[in-house]
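My looked-up items follow, in the order I took them.

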Amino acid sequence: MKFHHHGYVSEDPRVTQPAGVGINRSPELPDEMDVLIIGAGPAGMLAAAQLSVFPDIRAHIVERRPSRLELGHADGIQARTVETFQAFGFKNEIVDEAYRITETAFWKPDPENPDHIVRTAITEDDPYGISEFEHIIVNQARVLDYFREFMARQPSRMGVNFGYEFVGLTIDDSEYPVEVELMATAGPDQGETRRVRAKYVLGADGARSKVRSAIGATHQGKISYHAWGVADVIAKTDFPDIRLKSIINSSKGNILHIPREGGYLFRTYVDLGEVPEDDNHEIRKTPLEEIVRRGNEIMAPYSFEVEDVAWWSVYEVGHRVTDRFDDVAEPSDEATPHVFIAGDACHTHSAKAGQGMNVSMQDGFNLSWKLAQVLRGYSSERLLRTYTQERQKIAQDLIDFDLEWSGRMAGRGDGESIEEFYVRTAEFPAGFMTQYEPSLLISDEAKQELATGYPLGKRFKSARAVRRADANDHHIGHQHRADGRWRIYVFADAAHPAEHSTVDNFAQWLENDPSSPVVRHTKPGDDRDSVFDVKVIYQQPHREFNVTDAPAAFRPECGPHRVEDWNLVYGTIPGEDIFDLRGISRDGAVIIVRPDMYVAHIAGLEDTDSIARFFEPIFDLSQSADAQPRTRELDHVG
C-alpha cells in the first residue's frame, strides 16, 4: 500500500484520517441518508465496506441481530473472493487464520466389499493454475469481522447499527425517495418503530427477505426434495482424510466433508435421502444423533465419535432466482431503480458448491461501486440499471451449475465420475467463469486479439512485472484496491521508453487531450489519479530504462505536496514476460478494468477515439433527470 504522500504517518497506515461524514460521526442512525443497507451479511457488509471508502457518501447498514454474528453457517471462500479480500486489504490476515484447500479426496464403495468405502482418487484443487489465490475455509462470522474492521478504518468511519429490523417501504419523487420503516429489536426502544429516508436502499436480508417482498419481486424455482444434515463438530475418528476435503459416495449415501480452520473442527454434510413432496418439512426435525448415525453408516469401515458440536442443522436443497434484483417492475430507458436486493434475497441454492457467500459478496461489489459513482456525481442514475442486467444472469448460471452439482452429490449423473466433473468445472466454483456481456459497461468494439489472455467481460487475471522505481516484482493486478477507481493498464509498444514510440503519443493524449477520460472526467482540483489509476508496462526488463523516461501521464503528481507517483511504471521479467503470459500484442494494448476488477475494454494504443467513446456514456450526467417517479404504498411485511 502507498502512504506518507500527505505527510509522515507513524501509526497503522491502514487507519485513514476521518473526513467528510466521518468527522465526529454519530453512532446513531440519522433520519436521512444516501444509502441504507438492510442486513449485515456478506453481501451487505461488502457493499458497506466499499461505500465506507468515500467521505462524501452518507451510507448506513442496519442488522436485526443485537450484536455481531458469533457463528456463521457459510465457510467456503473461493479464490475470486480471496482476490476481492486483497482489494480490501485483509487477504493475508484472513488466509493466515483459515484452512487452505489444496487437494480433494474421493471415496467410493470398495468393489470387493461394497458396504465399505475406499479412496479412489485425490485431485489437486487448482490443477489448471486458474488463480494464484488460495481456496480457503473460514467462518462467515470472521469474514464479517474483517469487513467491519475495514469500515472502521475508512474516512467515513462507518459502523453497523445493530438491533433494527426492516418492516416496509414506500417510494416517491422526493430528494430522498425511499421511506423505510424500521423496528428496534434490542435496546431501550425495543419494539418501537421509526421511519428513515434514503436515496437508495439495498436489501441484503437473506432468503426470507422482507425487502424482496416489499418491492414485489418473486422467487422463480422450487425445492428439490432431497435433504441433508450438516454439523460442525470436533470428533475422534479413524478416517484418514479427516483433514482433507473429501467427497464420499457409498452404497448407504453420500457425505461432503470439509475440514475447518484451527486444525480440529470439521463440517460434515450427510445425505438424508429423498423426501416425499408431502413431507411438509418434517425432515427438518431430524435429530443430530440420527445425522451422526447416518454419517457413520455411510463412511464404514471408518467412524467418528462426536466430542463437541458448534452448530448443526437440516435443510432441503432449494434452487431459486428472483425475477428481478431491483424495484423496477417493467424495465425501460426512463425508470431508475432505487431499491435493490442482493445475496440470498435474490438467489438460493445448495451449500455444497460453496457459492452462496461468494456470489453474494460479488453482488455487493457490483452494486456498491456503481452507487458510489452515481452519488459522487460521475455518472447518471442509468448506470444503476446494469445491476440486475449483470447479476441476474450470473445467479441463473449459478443455479444451473448447482443443480448439476447437487444431483451428482446425490448420486445422479450421466456416467462422468464426480471427480472428473469436479476437475472439469473447477473454474466455475473458483469464481472465475463470470463474464459480463457487452453493455454500457462492457465495450462492443473491443479488440480481443490484442490481449487474448484478458477475455472481455471477465475478471482481470494478474501477472507479475517489475516496478522500475524500486526493482520489486509485483502482480500488477494485486495493486488494485477497492477505492472506486477505474484501472487503465497501458502495455507499451516495442520501442524503448526513452525513444519516440506509440505509447508516448498515447500518453500525450491521455495527459492533455480534451477527449481523454483523465482530462474530461477528473473534477477540477482533484488529483489526476483520483478517478483513473493508470499503469504502464514496458516490454523491456526494468534495468534497461529509467522511471523518468516514462511520460508524465504515468508519473502523476498527487497529494498536497504534489509529489510524483513513481509506483506506476513497470518492466517485464525475463522468462516470465507478461506480454507472452497474457497474449499481449507486441504493438501494445490498453486494457480498461472496472472498479470491480472486470475487463471492460481492450484497445490499441492508437485507438484513442474508441477509448473516449467507451467512457463517454458511462460518465454522461445528462440523463440523470430522465428518471420517472414511482409511488408505492407502505408495504408492511412481517
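**Entry 1: the β21/β26 pair and its sheet.** I started with β21 and β26, which pair antiparallel over five bridges. I found F491 standing opposite A589 of β26. One caution for my own notes: this is a predicted model.

Next I asked which strands make up the open sheet here, and in what order. I read off seven, running β20-β19-β25-β22-β21-β26-β27, with mixed pairing. The edges are β20 (472-475) and β27 (599-603), each of which pairs on one side only. On average, neighbouring strands in this sheet are turned by 30° against each other, ignoring direction.

Entry 2: Angles over 145 degrees count as roughly antiparallel.

Which residues of α10 (residues 502-512) are buried? I noted V503, D504, F506, A507, W509 and L510.

Entry 3: Four bridges join β19 (residues 464-467) to β20, and the two run antiparallel. V466 has D473 in β20 as its bridge partner. The two strands form a hairpin with four residues between them, and A471 in that turn has a positive phi of about 65°.

Entry 4: Then I turned to β14. How many residues of β14 (residues 253-259) are buried? Seven of the seven are, so I wrote this strand down as largely enclosed by the rest of the structure. Both faces take part: G253, I255, H257 and P259 point one way, N254, L256 and I258 the other, and all are buried.

I checked the neighbours of β14 as well. On one count, β13 (residues 245-250) joins β14 through five bridges, antiparallel, and S246 has H257 as its bridge partner. β13 and β14 form a hairpin with two residues between them. β14 also pairs antiparallel with β15 (residues 266-274) over five bridges, and P259 stands opposite F266 in β15.

**Entry 5: the three-strand sheet.** I found an open antiparallel sheet in the order β3-β7-β4. β3 (76-77) and β4 (99-100) stand at the edges with a single partner strand each, so one side of each has no neighbour in the sheet. Two bridges join β3 to β7 (residues 136-137), and G76 stands opposite I137.

**Entry 6: helix α1 and its partners.** I wanted to know how α1 packs on two other helices. Two packed helices are described by the angle between their axes and the distance between the axes.

Against α4 (residues 140-153), the axes come within 9 Å and cross at roughly 15°. α1 and α4 are therefore roughly parallel. The crossing is left-handed. In α1, P42, M45, L46, A48, A49 and S52 meet Q140, L144, F147, R148, F150 and M151 in α4.

Against α7 (residues 356-375), the angle is about 30° and the axes are 7 Å apart. That makes α1 roughly parallel to α7. This crossing is right-handed. The α1 residues here are P42, A43, L46, A47, Q50 and L51, and among those they meet in α7 are M357, G364, F365, S368 and W369. The contact residues divide into eleven nonpolar, four polar and no charged.

**Entry 7: Q50.** Last, I looked at Q50, which lies in α1 (residues 42-52). Is Q50 buried or exposed? Q50 has 0% relative accessibility, so I counted this residue as buried. Leaving aside neighbours within four places in sequence, Q50 is in contact with F88, F365, S368, W369, A482, D483 and G484.

Conventions. Residues numbered from 1 in each chain as written. Predicted model: local features only at pLDDT ≥ 70, side-chain atom pairs only at ≥ 80, totals over all residues. Heavy atoms only, no water. Buried < 20%, exposed > 50% of the residue type's maximum accessible area, 1.4 Å probe, protein only. Contact = heavy atoms within 4.5 Å. Pairing = 2+ DSSP bridges. Axes fitted to C-alpha atoms, helices over the stretch in contact; angles between N-to-C directions. Parallel < 35°, antiparallel > 145°, perpendicular 65-115°, else oblique. Left-handed = near helix turned anticlockwise from the far one by under 90°. Nonpolar A, V, L, I, M, F, W, Y, C, P; charged D, E, K, R; others polar.
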